[in-house]
Amino acid sequence: MTILDSVLLSLLATVCILPYVENKAHGTGHNQVLMKMVYELQKDIIQDKQQLAQLNALTKQLKDEGEKLTEENKKLKEKIKEINHLLHGKIDSRPENGTLHRAKRQVSINGPAGGAMYIRWGRTTCPVEAELVYSGIAGGSHYTHTGGGSNILCMPRDPQWGIYTDGFQSSGHFYGVEFRTAANDPFHKTNANSITSLTPQDVVCAACRVPTRSSHIMIPAHMECPNSWSKEYTGYLMSSAYTHKRSEYICVDSAPEVDEKGGDDKQGALLYNVEAACGSLPCPDYISGRELTCVVCTK
Ligand SMILES: [Ca+2]
């Protein structure tokens, strides 16, 4: 018997049975009324008990479902933790881990990774939208040597040496680059400290990066970029002399700077303007003897 049952029975005794005992002299009719009241109360008690049992069952069901959900939630959290752990493990175990972390760090410092890269020959600065990676002086193979690299490199001014043996032991020699312009010199002298001839000035250079664009192209014989491309700089095509040894063609800025200490004639790699020569080149669109232009574009 529950507490509720006890309370109800006590109430029944107080309200119904005791008055019945006290008043039984009043006759059978009154007795029947009292019995009916007791019957009704018993019916109510039974109904209440049934409802209570239903409520208890429902409460238990809800509790069980709640516990089940908590358990599933816990398992789900553990699974997510496990996946995160695996992902980090995979990234960390990749061989280029160091590069990745450096790239991530770079992204947080300089914005998105990537960006177009080019060398601006003849200048130590980059155009407005580009950032300077480093500036230096051009270097390549001696104009009389048959071997060595044909490309021209932008050399930092402060070399960092590894293990070395002073004196020449190897057959690979590397030189600075000088201008060799002639009467046909097409360059502006606005950045050239009032000199009249670029010969025999050293050629400076700047490594430039455009963080907001990812492609770059040097277009020979053009001074404008295609639609939707951005012009980085225009200039003139230069290379070694045809009587010398081969080197690559580079686009030298139309208003080159001169290096303060670069005015002496020291030979080395030499750069000449490149003139169009008719034949396989489609003339008369190309005109024989004209200095070829160039433009560097990014997108
Ligand atoms: Ca010419």
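User: How much of the protein chain is made up of buried residues?

Analyst: In this predicted model, buried residues make up 20% of the 299 residues in the protein chain. To count as buried, a residue needs 20 or more other C-beta atoms within 10 Å of its own.

User: Why is Arg 157 called exposed?

Analyst: Just count its neighbours! Arg 157 has 11 C-beta neighbours inside 10 Å, and the cut-off for exposed is 12 or fewer. So Arg 157 counts as exposed. You'll find Arg 157 in the loop between β3 (153-156) and β4.

User: What makes Arg 157 and Ile 137 a contact?

Analyst: The test is C-beta atoms within 7 Å. Arg 157 is in contact with Ile 137, and also with Gly 136, leaving aside neighbours within four places in sequence. The C-alpha atoms of Arg 157 and Ile 137 are separated by 6.9 Å, though the two sit 20 residues apart along the chain.

User: Ile 137 is also touched by Val 203. Which core residues touch the most other members?

Analyst: Val 203 is one of them, along with Trp 121, Cys 205 and Met 238, in the largest nonpolar core, which has 37 residues. Several strands supply at least two residues each, among them β1 (116-121), β5 (204-210) and β7 (230-239). The largest share, 5 residues, comes from β5.

User: What pattern does the protein chain follow along the sequence?

Analyst: It reads α-α-α-β-β-β-β-β-β-β-β-β-β, with 3 helices and 10 strands.

Key
Residues numbered from 1 in each chain as written. Predicted model: local features only at pLDDT ≥ 70, side-chain atom pairs only at ≥ 80, totals over all residues. Core = buried A, V, L, I, M, F, W, Y, C linked by C-beta atoms within 7 Å. Helix = DSSP H or I, 4+ residues; strand = E, 2+ residues; numbered from the N terminus. Contact = placed C-beta atoms within 7 Å.
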